[in-house]
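Please examine the sequence and structure shown here before reading the report.

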Amino acid sequence: MTDDLMKSSGSGDAGNSTHADEQRLYPKVRFRGFDEPWKKVKLGEIATTYSGGTPKAGNKKYYNGLIPFIRSGEIHSNKTELFISEAGLKNSSAKMVTKGDLLYALYGATSGEVDISKINGAINQAVLAIIPKQYNPYIISLLLSKKKDAILSKYLQGGQGNLSAEIVKSIKLILPSKNEESSLYPLFKVLDNLLSLQQRKLELENKLKKQIAFYLYSFTLTPNFKHIEVKNKKLGDIVDISNGIMGDSQKKSGNFKLTRIETISNGKIDLSRTGYIDQVSDEKKFLEVGDILYSNINSLTHIGKNAIVKEKHLPLVHGINLFRLHITNNQITPNYLHGLLNLPKYKWWVKSHANPAVNQASINKTELSSLVIKYPDLDIQNQINNINYSVAQYWDIQYSKKESLCQLKQFLLQNLFI
């Protein structure tokens with residue numbers, strides 16, 4: 001299929017256009033055999049739209065039926081927990097959509113998200129249904145996704161707020177002919193199918209990784225791990241727990257990278273999500289290999305998330321709002337402790353001992369220091385570390401495959417569409 005792609009610059013084979021406005025109507029890359037310019041239209045000119053409402057307020061019987069009720073936050077997930085009865089649908093402003101309709105989130109944190117409905121159901125007022133008159137809904141969803149950031153930055157403050165149906169209908173799209181659209185559709189559908197399969201594989205691998213960790217740390221995976229001696233120590237007797245230094249977490253450049261909460265949001269240290277600092281007066285604030293960054297102030301869901309520092313991350317400065325766990329006891333290895341802290345029982349312990357607040361929770365050093373850690377001798381630890389390393393390496397390979405597919409899709413969106 002890629003052999004059929006050709007460069008298109010708005011001249012020569014691509015239509016002999018000499019005007020800048022006309023050149024903008026040609027994609028950078030396209031399939032051979034197509035040379036006509038694309039056309040610019042408003043979404044409202046090629047599709048009908050309508051938004052929904054809510055079942056009659058205060059009457060819970062309307063949620064006892066079998067019709068899924070789709071809200072803006074459920075776009076992309078297609079998880080519907082509420083159901084509306086036939087009577088509730090008739091006596092409310094809720095509207096029905098059918099499988100294959102485009103759903104566009106108008107309000108809330110998911111503003112600008114678009115997806116194709118996989119079910120028949122009712123939509124609320126924060127969801128706009130889009131029914132293209134001629135074009136493939138999937139192609140329209142790709143174009144709307146591509147324009148999401150531009151739409152949010154133009155109409156919403158800080159990416160949050162409400163979009164209106166009129167705003168969405170006024171979005172300008174540049175569309176190919178039906179024949180060219182028919183060539184683009186299967187390429188992106190194959191990519192999306194591959195992405196879905198890879199995501200499902202990652203989810204299964206993640207479950208397997210957690211199950212292996214459970215058996216490893218409960219010493220039941222192999223006969224060699226039976227009847228071993230386990231030591232019990234408080235975390236405060238094993239590590240030094242320290243706070244980081246203040247800095248500008250939003251700073252885009254500087255002499256040194258500075259950690260922030262987002263740096264470990266995916267359970268690994270992400271150097272693309274740091275702040276910067278120009279000077280560090282205390283050299284002890286530079287992280288070392290084997291240090292563990294620990295989320296002590298976060299939402300209750302994410303508190304206790306942690307990541308281990310590796311050689312490739314350095315130099316890196318310990319910033320505020322993350323604890324640094326620096327091992328002071330030579331009887332436990334950093335990788336073993338990192339694995340322990342990610343076990344469900346230790347995560348639940350932290351959540352149960354955290355101080356909850358309106359939007360976040362926190363745990364202080366004294367409380368965290370009291371967490372009792374169980375560990376075997378170094379030989380068993382290293383055997384477990386080696387198994388964990390092999391499992392993690394395989395998972396990283398699968399994750400890299402998913403990232404490569406995402407990058408390929410993004411590249412094609414940028415070059416095959418205008």
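## Basis of the model

The model is predicted, so local features need pLDDT of at least 70 and side-chain atom pairs count only at pLDDT 80 or more, while totals for chains, interfaces and linings use all residues. Residues are numbered from 1 along each chain as its sequence is written, and side-chain values use heavy atoms, with hydrogens and water left out.

## Glu180 in helix α7

Glu180 lies in helix α7, residues 178-217 (helices are DSSP runs of H or I with at least four residues, strands runs of E with at least two, numbered from the N terminus). Glu180 counts as buried because its relative accessibility is 1% (buried means under 20% relative accessible area, with a 1.4 Å probe and protein chains only).

The side chains of Glu180 and Arg30 form a polar contact of 2.7 Å (a pair of N or O atoms within 3.5 Å; within protein, one must be able to donate a hydrogen and the other to accept it, and residues adjacent in sequence count only if both atoms are side-chain atoms).

## Strand β8

Strand β8 covers residues 102-105, with Leu102 and Tyr104 buried on one side and Leu103 and Ala105 buried on the other. In a regular strand the side chains alternate between the two faces of the sheet.

Strand β8 pairs antiparallel with β9 (residues 114-116) over three bridges, where pairing requires at least two DSSP bridges. Leu102 has Ile116 as its bridge partner in β9. Strand β8 also runs antiparallel to β11 (residues 127-132), joined by four bridges, and Leu103 stands opposite Ala129 there.

## Lining of the largest pocket

Helix α12 gives 12 residues, the largest share of this lining.

Terms used: Buried means under 20% relative accessible area, exposed over 50%, partly exposed in between (1.4 Å probe, protein chains only).
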